[in-house]
Protein chains: 2
Amino acid sequence: MRLSQGVEWGLHCALLLAQAPDGLAVPRRTLAEHYDLPEAYLAKQLQSLVAAGILHAVSGPRGGYRLARPPAEITVLDVLDAVEGTADPFVCQEIRQRGVIPVTPEQCRRPCAIAAVMTRAHQAWRASLRAVTLAELAGRVPRPVREQQRARFAQLRQSPRRAGGPRSGTAAAGAAGSAHD
Amino acid sequence: MRLSQGVEWGLHCALLLAQAPDGLAVPRRTLAEHYDLPEAYLAKQLQSLVAAGILHAVSGPRGGYRLARPPAEITVLDVLDAVEGTADPFVCQEIRQRGVIPVTPEQCRRPCAIAAVMTRAHQAWRASLRAVTLAELAGRVPRPVREQQRARFAQLRQSPRRAGGPRSGTAAAGAAGSAHD
DNA sequence: TAATCGTGGATATTAAATGTCTACGAAGGC
DNA sequence: GCCTTCGTAGACATTTAATATCCACGATTA
């Protein structure tokens, strides 16, 4: 059992957008560069978040992605459900009914105890993720990291192209110990 | 994210063994027929349970599998860990450190909040599974199903071969509404 | 000694995750 | 109106894991 990469990508991108000023749209390329992710594949993951109503996509110049609602109203579970789906990782195949001597459907009115236990565990997992919002996560971002991001967003507002700034000029400064999250 | 079939197989087989009398060993073929599972692949899953110290394998004629310890001392989590491993389904790739402006390792002394949230959820999931033992699950098996199994185990003790009994003779009776779990 | 078992490894098959590419439509600036 | 910057949608290719099968081998018992 393993969660796809899209979960980490989606959570980090959503968390980054949660720290963007008001309604600023962040282009996909900027997000991809920020975390060194394949832009084309990231597009797929972000589409899921848009379809789920977590992100809002803006077309055209100065376009990009922004949160569809306040960070305090988006839980980690919301992002998980959008990227991974809401299905229980345990899929009961009812092998009780398949054997040499199959259980009759009447005896299966109540789902088998095993499936019940697995479902309860899944609910506990979901409840834990539902208890945390993007706003709370944003509050835990270290101050220096947050300020670095603020500068990045400012750049974005001024020059619509090459959101990371001139690559050659900032290479030295970037390697000197800047931070993001 | 999805759990492998082996989880359901392992849980059902362990639950069945939990209902077997004292130290009776149940051959793999019997288990496979009981749930209509591919015997060769089931062997792989059972090996994991043996390696984890949950099952004990007995070689030779009258051999098979039995629980390595009392059902009350085997939790659902034990089986899950044996079959699926104990790894967190969320693997943090620390994409914070990979971007155009990487976060310095010093700023990552504390694991990123996102990973922390995911880990906590995983712990909640595990705690939920750890709270249930095979003995408790066995107690929830319907009475008629349990008695059917008792008869099956008795057959096993008497005739070492063809644990399911003569296939042709029991076909009609088997379809008439017998039960197992 | 022969028959019944489980073990371990090699191998094939299938499904899903991962990643890329291209044509297209939407929206703003000139 | 036209062009550029964007996201969208779908068709692919690639990689990895799950699923499954098979066989030679050792252990055990009648």
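A word on the source. This is a predicted model, where local features need pLDDT of at least 70 and side-chain atom pairs count only at pLDDT 80 or more, while totals for chains, interfaces and linings use all residues. Side-chain values use heavy atoms, without hydrogens and water.

So what is there? Twelve residue pairs in polar contact between chain A and chain B, both at pLDDT 80 or more. Polar contact is a pair of N or O atoms within 3.5 Å; within protein, one must be able to donate a hydrogen and the other to accept it, and residues adjacent in sequence count only if both atoms are side-chain atoms.

Which helix of chain A gives the largest share of the side that touches chain B? It is α5(A), with eleven residues. Helices here are DSSP runs (H or I, at least four residues), numbered from the N terminus.

Now the extent. Chain A puts in 61 residues and chain B 60, with contact meaning heavy atoms within 4.5 Å. About 5,600 Å² is buried between the two chains, 66% of it from carbon and sulfur atoms. Buried area is the accessible area (1.4 Å probe) lost on putting two parts together, summed over both. In chain A, M1(A), I95(A) and I101(A) lose the most area to chain B, together 14% of what that side buries.

Technical notes. Residues are numbered from 1 along each chain as its sequence is written. Chains are lettered from A and ligands numbered from 1 in the order in which they are written. Helices (H or I, at least four residues) and strands (E, at least two) are DSSP runs, numbered from the N terminus.
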